[in-house]
Amino acid sequence: MNILPLLILCSLSLGLVFLAVFFWWVKSGQHEDLVTPGMRVLFDDMPHETMNEQTKEMTSIEPKPQTTTHE
Amino acid sequence: MNKETFFYDNRIVRAFAWATLLWGAVGMLVGLIVSMQLFLPELNFASWHTFGRLRPLHTNAVIFAFVGNAIFTGVYYSLQRLLKARMFSDVLSRVHFWGWQLIIVSAALTLPLGISTSKEYAELEWPIDIAITLIWVVFGLNMFGTILKRREKHIYVGIWFYIATWVTVAMLHIVNSFELPVSFLKSYSVYAGVQDALVQWWYGHNAVAFFLTTPFLGLMYYFMPKMANRPVYSYKLSIIHFWSLIFIYIWAGPHHLLYSSLPDWAQTLGVVFSIMLIAPSWGGMLNGLLTLRGAWDKVREDALLKFIVVGLVAYGMATFEGPLLSLKNVNAIAHFTDWVVAHVHVGGLGWNGFLTFAILYWIIPRMWQTKLYSNRLANMHFWIATLGILFYAVPMYFSGFSQGFMWKEFDADGNLKYNFLETVERIKFLYVLRSFGGLLYLSGVFVMVYNIMKTVKQGSFLANEPAEAYPLKAAETAEDHGKPAYWHKWIESRPMTMLVFSLILVSLGGLVQLVPMIFVKEQVKTISSIKPYAPLELEGRDIYIREGCNNCHSQLVRPFRSETKRYGEYSKSGEYVYDHPFLWGSKRTGPDLVRGGEPGGKVNRGAAWHYAHMMNPRVTSPGSIMPAYPWLAEQELDLSLLEKKISAMRTLGVPYAPGYEKEAAADLKKQAEEIAGTLKKDGYKVKPNSEMLALIAYLHKLGRDLKPAEAAASTQQ
């Protein structure tokens with residue numbers, strides 16, 4: 001079963017790469033903020049004036065009145 | 001500091017979305033066809049249209065074409081928005097898109113022609129393997145380039161999943177694809193037997209993990225909060241979810257080889273990590289479901305959220321069932337049966353399919369700046385597809401349980417209660433129901449296509465979507481001043497240079513080929529009586545691979561009384577040392593064949609029986625669902641590669657005498673004439689160079705050399 005060392009080596013080095021990335025990200029502050037990143041994805045970056053009406057409505061974060069779509 | 005205005009590339013997202021729809025329909029249609037072939041063997045009407053050749057086409061099409069393009073659709077859409085940057089290079093995006101589609105087309109052409117390596121989900125031959133590697137590198141460059149030029153410092157959890165996907169799939173694909181080419185379209189795996197099995201299932205398991213799971217978790221973390229319009233339940237949990245999942249997944253592969261000739265400790269390692277996987281998997285599922293806390297009323301109206309919820313539940317079921325199946329006592333019953341087919345389809349149809357549908361329904365109206373044409377049709381699609389999954393999975397579970405238990409049942413005298421054909425007869429009607437489920441699911445896809453076409457018609461496509469954000473560099477330098485300018489600035493402005501450099505790096509990586517060659521030059525426990533394949537048997541083995549026999553027939557007898565009683569002596573690792581590639585199979589739609597040539601063995605059939613059976617299986621085995629292979633008697637054996645094949649095998653460590661390749665053709669002829677002579681005695685006239693003879697020779701080689709070994713049992717390390 002000479003192949004096992006190779007597979008374990010591959011798996012381990014992959015694990016180590018991930019571990020290094022983990023420490024790097026901890027150090028660089030990726031894991032500092034555990035709340036706002038989840039919220040920030042909800043915002044869109046399209047300048048408001050370039051949106052058409054539909055898009056404005058679809059990208060609005062405000063709760064909107066129930067609308068029914070075309071059927 | 002001023003806001004920058006830039007544009008998201010929607011064209012590439014659109015291209016991948018169309019490819020997803022197209023290949024999804026094709027892949028599922030092929031799936032429907034192969035499922036019907038299992039109760040209507042007449043549907044195997046041509047060599048390119050047999051189950052053995054079409055089943056790999058189905059799996060490759062749905063995994064790499066449908067799910068693959070769906071991943072790219074979602075990644076190209078979400079990555080740009082999460083990083084607040086256009087993709088690194090439009091050229092790379094297009095190379096990625098067209099390259100991937102070309103790979104799919106070449107798969108669709110080669111697999112029905114029987115050009116296959118036989119390794120599950122890695123059937124494509126070596127030139128296509130290289131193309132996959134190159135295109136994957138292009139995808140990576142484009143993704144990492146975008147990450148480098150991002151305007152958002154924090155890298156959102158979804159992107160971590162994309163990164164892990166890219167890194168791991170690259171490694172798995174390369175390690176599993178080490179092949180020694182014999183010709184442009186034929187190669188042999190450098191690994192043999194048990195080793196090949198281990199590499200293959202290390203790959204196979206992790207392909208499920210890092211192609212079907214992690215990218216979709218990443219997509220879930222972006223699209224689900226967007227669809228529900230609320231942040232993910234716990235960002236903290238998503239971090240734990242990510243790190244624990246990627247650290248544990250890679251070790252679970254050996255659970256595909258329980259009770260095989262793989263060393264016990266490796267099997268146990270696989271089981272332990274499989275059980276541990278429940279925690280991160282369910283953590284992710286719960287994080288998704290709990291995102292909807294307080295918003296469950298939305299699910300009532302919104303078809304998209306319905307798809308996501310059922311998708312997540314399917315993910316939870318599949319990832320609970322997976323560890324269960326990896327328990328040895330459950331696996332003893334479930335392995336080789338339809339239970340596994342049910343399991344993967346709950347994951348594939350439920351998790352990958354439903355998430356893909358939801359994502360397409362979500363991004364297409366946005367890119368066309370309109371609303372979904374019909375929410376009612378989307379809801380209808382949801383219900384048809386959900387019914388489809390139920391009609392698929394429930395019969396397959398019953399079928400799996402029936403097979404598993406019937407194979408193991410003994411009568412009062414201690415004899416096996418059912419012969420194999422009886423177990424096939426028992427489950428046929430379940431196959432009909434399963435096809436109905438597949439038909440429902442596929443119909444749902446067409447409802448979606450119609451809905452999307454109507455949506456596209458009423459909207460106007462926004463190819464370059466404007467966006468505004470503050471540049472990262474300005475924000476960064478304000479924070480950590482004094483740092484030198486980014487080293488990657490230089491690369492960023494030169495995508496083509498970066499591409500060329502990386503290609504050079506990748507070709508250098510080809511040198512790494514030497515590494516596995518060092519590892520494979522070994523002798524596992526050899527059994528001295530096991531001889532290499534004779535030339536005719538080797539050619540027969542290649543026909544076995546070409547016809548995809550391994551899709552339905554296993555070559556591994558597990559150490560259970562029910563199996564040794566049915567097939568003969570259980571398998572030992574030393575038997576497989578010359579098997580490049582291994583052909584254990586993963587499913588017993590038909591019986592195991594590895595004792596087919598055992599002298600006086602339980603499943604040893606004469607040449608005449610094999611001939612009649614290949615010409616029409618229903619003649620020798622009434623009720624059989626195997627395709628007929630009349631062309632094997634017609635077609636002449638192609639010997640043009642014989643010398644190269646023998647030399648290649650010798651390179652891989654098979655002990656053919658030096659110069660044997662020159663004598664191989666004569667030996668082959670002699671053996672073929674012997675078999676033709678035997679057949680003639682039984683009244684069958686066969687051309688002395690027909691492929692049929694090679695296949696029969698191969699089937700008679702399986703297990704033939706084992707018996708003398710029992711007497712002179714000489715095992716050495």
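Reader: Which element of chain B has the lowest mean pLDDT?

Author: This is a predicted model, and chain B averages a pLDDT of 89, with 91% of the residues scoring at least 70. Among the elements of chain B, the highest mean pLDDT, 97, belongs to helix α1 (residues 10–37). The lowest, a mean of 39, belongs to strand β6 (residues 715–716) of chain B.

Reader: How many contacts beyond near neighbours in sequence does the stretch 509–514 of chain B have in the model?

Author: Where pLDDT is low, the predicted coordinates should not be read in detail. Over residues 477–484 of chain B the pLDDT falls below 50, and beyond near neighbours in sequence that stretch has zero contacts in the model. Residues 509–514 of chain B also have a pLDDT below 50, and beyond near neighbours in sequence their number of contacts in the model is one.

Reader: Is Leu57(B) buried or exposed?

Author: Leu57(B) lies in helix α2 (residues 51–83) of chain B. Leaving aside neighbours within four places in sequence, Leu57(B) is in contact with Val30(B), Ala108(B), Leu111(B) and Pro112(B). A residue counts as buried if 20 or more other C-beta atoms lie within 10 Å of its own; Leu57(B) has 26 other C-beta atoms within 10 Å, and is therefore buried.

Reader: Which element gives the most residues to the side of chain A that touches chain B?

Author: The contact takes 36 residues from chain A and 49 residues from chain B. On the side of chain A that touches chain B, α1 (3–27), α2 (36–40) and α3 (53–59) of chain A each supply at least two residues. The residues of that side divide into 21 nonpolar, 12 polar and three charged. With 12 residues, the element that gives the most to the side of chain A that touches chain B is α1(A).

Methods. Residues are numbered from 1 along each chain as its sequence is written. Chains are lettered from A and ligands numbered from 1 in the order in which they are written. This is a predicted model: local features need pLDDT of at least 70, side-chain atom pairs count only at pLDDT 80 or more; totals for chains, interfaces and linings use all residues. Two residues are in contact if their C-beta atoms, placed from the backbone, lie within 7 Å. Helices (H or I, at least four residues) and strands (E, at least two) are DSSP runs, numbered from the N terminus. Ala, Val, Leu, Ile, Met, Phe, Trp, Tyr, Cys and Pro count as nonpolar, Asp, Glu, Lys and Arg as charged, and the others, Gly among them, as polar. pLDDT is the predictor's confidence in each residue, from 0 to 100. A residue is buried if 20 or more other C-beta atoms lie within 10 Å of its own, exposed if 12 or fewer, and partly exposed in between; C-beta atoms are placed from the backbone.
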